[in-house]
Amino acid sequence: MSAPTTTPTAPATRRSPDRRAPADRPRTGSLGSRWTSRGAVHGVLLLAALYSVLPLVWLVTSATKSVGDFSSTSAFELADFNLWGNLSDLFAREDGVFLYWIRNSLLYAGVGAVLGALICTACGYAVAKLSFPGRRALFAVTLAGVLVPPTALALPLYLLASNLHLVNTFWAVFLPLLSNPFGVYLARTFADAAVPDEVLEAARLDGAGELRIFLTIALPMMAPGFVTILLFQFVSIWNNFFLPLVMLTDPELFPMTLGIYQWNTRAPQFPDYNPLVITGSLLAVVPLITAFVVLQRQWRSGLSAGSVK
């Protein structure tokens, strides 16, 4: 008896997966999300730019108005150009006290920023590259000082200045501005990133002292960090208001921020102070813009170096 013959059945066909290259596949969803996220980022950046620029535009337009135009026109509306008249009144008011305020602000912020940045850079370099007892504890205290708001130190500084008979003097405001814990922290970061230990050891083998090593080797290497700290110091001191308010009573020692504030308190009773306050505020912004424009390249490279570390 013969065995039954069976015919082989063809194997079931399977659909081959889509083996197209990733570039050939449609990416409509990812493309849409990418454009959506880009548009959202651009919108946020536009709002931030308007938030920053519109007050400056209002300041410029308002500084060109007279007393009558200031109260009768809208915020961004242009009127008769009276900027030169406002500047003349500004420098002539109260026997030219505004010139004293400009001088004081330049001394507080200019000299204070340079000396303060140099002190912070030296302290940060010492903490980063020199070995001495209590180095870590000192840096921990410095980090804790970053968390303390400057207004909380105003009263202790006033009591200290009172004991030293420095209240209502230039030094009562100038000396506390020379130290900045945040500047020391930045300087330590820059020193770790920019100053190789091998270079310092070679300089010590050649007989160089620590001060000479810092001034001739470490400080040039830390130049971008020094400029960054300098700008932070300059902006902080230039905008400083509370410490001069506590320490000073003589108008000839006021910085621009405190002097303009004093005039602004009189503006509700004496409207002729309004153009002076606006014009003085416009002049107070000019040094900040100039400093950032002149030192922009070094400041940006310093920030990138610190962020990489």
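I take contact to mean heavy atoms within 4.5 Å.

**Basis of the entries**

I note that this is a predicted model, in which local features need pLDDT of at least 70 and side-chain atom pairs count only at pLDDT 80 or more, while totals for chains, interfaces and linings use all residues. I number residues from 1 along each chain as its sequence is written, and side-chain values use heavy atoms, with hydrogens and water left out.

**Entry 1: the whole chain**

I looked up the secondary structure and found 15 helices and 0 strands in the protein chain. Helices (H or I, at least four residues) and strands (E, at least two) are DSSP runs, numbered from the N terminus. I then looked up burial, where buried means under 20% relative accessible area, exposed over 50%, and partly exposed in between (1.4 Å probe, protein chains only). Of the 309 residues in the protein chain, 30% are buried. The chain exposes about 19,200 Å², and carbon and sulfur atoms supply 66% of this area. Accessible areas come from the Shrake-Rupley method with a 1.4 Å probe; for residues, only the protein chains shown count as cover. Among contacts with a separation of 6 or more, 74% join residues 24 or more positions apart.

**Entry 2: helix H10**

Which residues of helix H10 are buried? In this helix (residues 210–221), I found Ile213, Phe214, Ala218 and Leu219 to be buried. They lie on the same side of H10, because they cover an arc of only 145° around the axis. The arc is that of the directions from the helix axis to the C-beta atoms. I also looked up what covers these buried residues, and the cover includes helix H4 (97–129), helix H9 (197–205) and helix H11 (223–238).

**Entry 3: Asn86**

Is Asn86 buried or exposed? I recorded a relative accessibility of 3%, so Asn86 counts as buried. Asn86 is placed in helix H3 (residues 83–92). Leaving aside neighbours within four places in sequence, I found Asn86 in contact with Ala63, Thr64, Lys65, Pro275, Leu276 and Thr279.

**Entry 4: cysteines**

I searched for disulfides, each a pair of cysteine sulfur atoms within 2.5 Å, and the structure holds 0 of them. Cys120 is in no disulfide, and the nearest cysteine sulfur, that of Cys123, is 6.6 Å away. For Cys123, the closest cysteine sulfur is in Cys120, and the 6.6 Å between them is too far for a bond. Cys120 is buried at 1% relative accessibility, whereas Cys123 is partly exposed at 35%.

**Entry 5: a nonpolar patch**

Which residues make the nonpolar surface patch of about 720 Å²? I listed Leu46, Leu47, Leu50, Val53, Leu54, Val57, Trp58 and Phe76. Patches are made of residues with over 30% relative accessible area and no salt bridge; like charges are joined within 9 Å, and nonpolar side chains (Val, Leu, Ile, Met, Phe, Trp, Tyr) within 5 Å. A salt bridge is a side-chain nitrogen of Lys or Arg within 4 Å of a carboxyl oxygen of Asp or Glu. One of the patch residues, Val53, is in helix H1 (residues 28–63) and is partly exposed at 44% relative accessibility.

**Entry 6: positive phi**

Most residues other than glycine have a negative phi. I found that His165 has a positive phi near 60°, and that Asn168 has a positive phi of about 65°. His165 is in the loop between helix H6 (154–163) and helix H7 (170–174), and Asn168 also lies in the loop between H6 and H7. His165 counts as exposed at 69% relative accessibility, whereas Asn168 is partly exposed at 27%.
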